[in-house]
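Here is the note on the model that you asked me to read through. Please keep the structure open beside it as you go from point to point.

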Amino acid sequence: MIQYSRWKIMLYMAIVALGVIFAAPNLFSRASLEGLPSWVPQKQVNLGLDLRGGSHLLLEVDVGAVVKERLEALVDSTRSALVGAGIRYTGLGVSGQSVNVTVTDTTKLEEARQLLRGLASPVGGGVLGGGVPDIDVAQTDGKFTLTLSPAGIQERTTGAISQSLEIVRRRIDATGTAEATVARQGADQILIQLPGVQDPARIKNLLGQTAKMTFRLVENVDPTELLAGRAPAGTEILQGEPVAGTNAPEPLAVRKKVLLTGEMLVDARAQADPQSGEWVVSFRFDAEGAKRFAAVTRENVGRRFAIVLDGKAISAPVIREAILGGQGQISGNFNVQSANDLSVLLRAGALPAPLTVIEERTVGPDLGSDAIAAGQISGLIGTAFVIVFMVLFYSVTGVIAVVALIANIVLTIALLTLMGATLTLPGIAGLVLSVGIAVDANVLINERIREETLMGRGAMAALHQGFDRAYATIIDSHLTALFAVATLFFFGEGPVRGFAITMGIGIILSLFTAVALVRVGMVYWVKWTKKKILDIHALFGARKIIPENTSIRFMRGRFIGIATSAVLSTASIVLFFYPGLHYGIDFAGGIVVEVRTEGPADLAKMRSALDSLKLGEVSLQEFGSPSDVLLRLPRQGGGEAAQGAAVEQVRAKLAEIAPGANLRRVEVVGPRVSEQLVGSGILAVVLSFGAMLIYIWWRFEWQFAVGAVLTLILDITKTVGFFAITGIEFNLTAIAALLTLIGYSMNDKVVVYDRMRENLRKYKTMPLRELIDLSINSTLTRTIFTSVTTFLAMAPMAVFGGSAVSGFAQVILFGVVVGTSSSIFIAAPILLFLGEGKLRRGSPAAAAPTGGTQAQKG
């Protein structure tokens, strides 16, 4: 008799109740929760940009500029040190990541070596001091080579990225953007998500400026000399404000010597000049800066003083008198926004290195609301289909499974809420798919209980044996699915990682809901009804459409199955090369713009106008309604910055030819990102295969592992062929689909393999061919039911899920068919070829079966 202590039942009830409490706020609007007491849970799941609209930017820190700056500073330091010591030298300059200098005074070589070594800064010492020098000094006769050490480069790179992260966060906060996310990604990238921001041009402009400000004197030089490119020694020619009456910038001979830097500023504000009414930026120095500013202005009355920002003289006023208060102002052709933007840059501080936008994705709010509606509708329909199926085929036990299924969904949402996770549209797809996998556990349990009942066991005994025998299979199948999910999480990006999180949580929770909760529910149902025999029957005779106690000799068709699979996989490989896959922007790079015009779109006019921009071959595709157009442009030459420039040209041209057009989605992926995504996608698939091979080898035998992986390879090649035939876009979501199929297909094979392993112990003299047929027939109903429930869960997503996930769902549906059939017609025959004569252990004496279906003969 199965007994449960009261504390265990109370614990289960408390877990589910807490799940309901923490998931409930997601049913209400944020405004309706604001008036509630603070002790009432009010936290909600964060919605991804694809659901609520906004912009996603991925920036790359130019770490090479950091190294270059250090080398240039090292040249200045070397010059100062040698000149100060009266040591003659020649050939001072930068070469690669080193500074070279030749000391001509041979009597002072040792002194020069000590001076140059003293230019190094210790790195890696921490608060206790010590560390190693950031410069290695090598000497060959009189030639010295100062090379940045790996530790020095790493230290400066890490510091530059951390400093850039903080400055980016300050700049965005200063613009008033709410709920912005700024986080480091990879080795040298910064991820920014801006909810509600539909045109991130201003943000990109702010982030694209390093904002390194210096204050330098201007030499009075004949303009014709400057136009000819001739400037006095110690100066450089910079472009100033436009000359009055023209649009041409004034050339200025600005001294290279920096008198003050922007790092000395403590405040900067945009304001209107009370006398002229023009917008200016007022600034204030710290104590040291105010002291230097006073000295400079006192000593240079009547001279022009240039304020240089990122290599451009934004203002060059004449010093009228000494400025003693440490305050000044920058005048120029400012409007209210440009003045505010400059003040933001100065307050936030200068970036240590330039930033480049290498990826940009923007989703409009109306597209986000459409995505929410599509996800809700398809998710609810899919879940409803699964519920109807379970109740129809399993009656009361199906109802218990449905209650556990609902608990699984509630607990998943509660955990996502508590974790502060972000729910994306692919995340909704992951939640729906996890429902299918959770149902698989319930199907396994119910089918095992039916088998035990048919063998003549009583209700409680059948219940006990059914759960115990199904448990090991459930663990194995769930773990193999989690391998694929974990790979997606660690190597996926953005929405794909959201898919992995929701699916992973759902799978883990199903071990609790499908095993613990269902078991408790069934035990108390049996006790309450006082059943002697646990008859799991279907409603309305639905079970009759599924054949039971089959004795199909599957292995007779093993050669046909393998040959057919080999032909299809070969054809798929050919299709991979010709016509090839329709690579999405994630892998091919380029620009995608989704446009909704006010009336039916004139594709010919739009194509002609965009062709005039000379941005490469323009692809226009009408989808949905006649006013919806998908525009694609190839990756632009000229690096990452060229992609952003092309987007701005497209925006301007669309505004010109289709006034009122709504850019519902804009995606820009540069070459650096596409290369990273291709590499991470391939690595994810390879690691997923490797992890499953090792696990199956460890849990079963090497023949099972090899058979499973070879079958998976055939499944994946067929799926790639499906991509080629259908033209479904091959992108990050496609990689997610492939890894999901790997997990699902392995899940199915583990169930069949588990029954084979069980029968190997049970029927020790039965020929392997007959034993495999027996095992497949024993699990056939479970295989069909699991495939049907997964198909029912994902089919609405394929129809109603929208462009973001419909292709993903279609691939999953194809994979369900391929994965299910391959478990029977491919994996089993491969195991037969590899294992015949090698999978027997122990005594050769036959173990007599204890009731139930007898072994097949012949």
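The numbered points below go from the whole chain to single residues.

1. This is a predicted model, in which local features need pLDDT of at least 70 and side-chain atom pairs count only at pLDDT 80 or more, while totals for chains, interfaces and linings use all residues. Residues are numbered from 1 along each chain as its sequence is written, and side-chain values use heavy atoms, with hydrogens and water left out.

2. The chain has 23 helices and 25 strands, where helices (H or I, at least four residues) and strands (E, at least two) are DSSP runs numbered from the N terminus. Its C-alpha trace spans about 110 × 70 × 60 Å along the principal axes. Of the 858 residues, 51% are buried, and here buried means under 20% relative accessible area, exposed over 50%, and partly exposed in between, with a 1.4 Å probe and protein chains only. Among contacts (heavy atoms within 4.5 Å) with a separation of 6 or more, 75% join residues 24 or more positions apart.

3. Aromatic rings deserve a look: rings of Phe, Tyr and Trp (its six-membered ring) pair if their centres lie within 6.5 Å, with planes under 30 degrees apart counted as stacked, over 60 as edge-to-face and the rest as tilted. The count by this rule is 25 aromatic pairs. In the pair of Phe283 and Phe293 the ring centres are 6.2 Å apart and the planes stand at 65°, so this pair is edge-to-face. Phe283 belongs to strand E16 (residues 279–285) and Phe293 to helix H9 (residues 287–299), 10 residues apart, so that the pair links distant parts of the chain. Phe283 is buried at a relative accessible area of 5%, and Phe293 is buried at 4%. Both are members of one aromatic cluster, formed by Phe215, Phe283, Phe285, Phe293 and Phe305.

4. Some rings carry a charge over the face, which is counted if NZ of Lys or CZ of Arg is within 6 Å of the ring centre and within 35 degrees of the ring normal. Lys527 lies over the face of Tyr524, 5.4 Å from the ring centre, and the charged end of Arg757 sits over the ring of Phe700, at 4.1 Å from its centre.

5. How do two helices pack? Two packed helices are described by the angle between their axes and the distance between the axes. Helix H21 (residues 732–762) and helix H23 (residues 806–835) pack at about 35°, with axes 9 Å apart; the axes are lines fitted to C-alpha atoms, for helices over the stretch in contact, and angles run from 0 to 180 degrees between N-to-C directions. The residues that meet include Ala736, Tyr744 and Asp748 in H21, and Gly815, Gly819 and Ser823 in H23.

6. Asp748 lies in helix H21 and, at 1% relative accessibility, counts as buried. Leaving out residues up to four places away in sequence, Asp748 touches Arg782, Thr783, Gly819, Thr820 and Ser823.

7. Which residues does Thr473 contact, leaving aside its neighbours within four places in sequence? They are Leu444, Val750, Val751 and Asp754. Thr473 is found in helix H13 (residues 459–491) and is buried, with a relative accessible area of 4%.

8. Phe800, in helix H22 (residues 768–800), is partly exposed, with a relative accessible area of 43%. Not counting residues up to four places away in sequence, Phe800 touches Ala374, Ser378 and Ile381.
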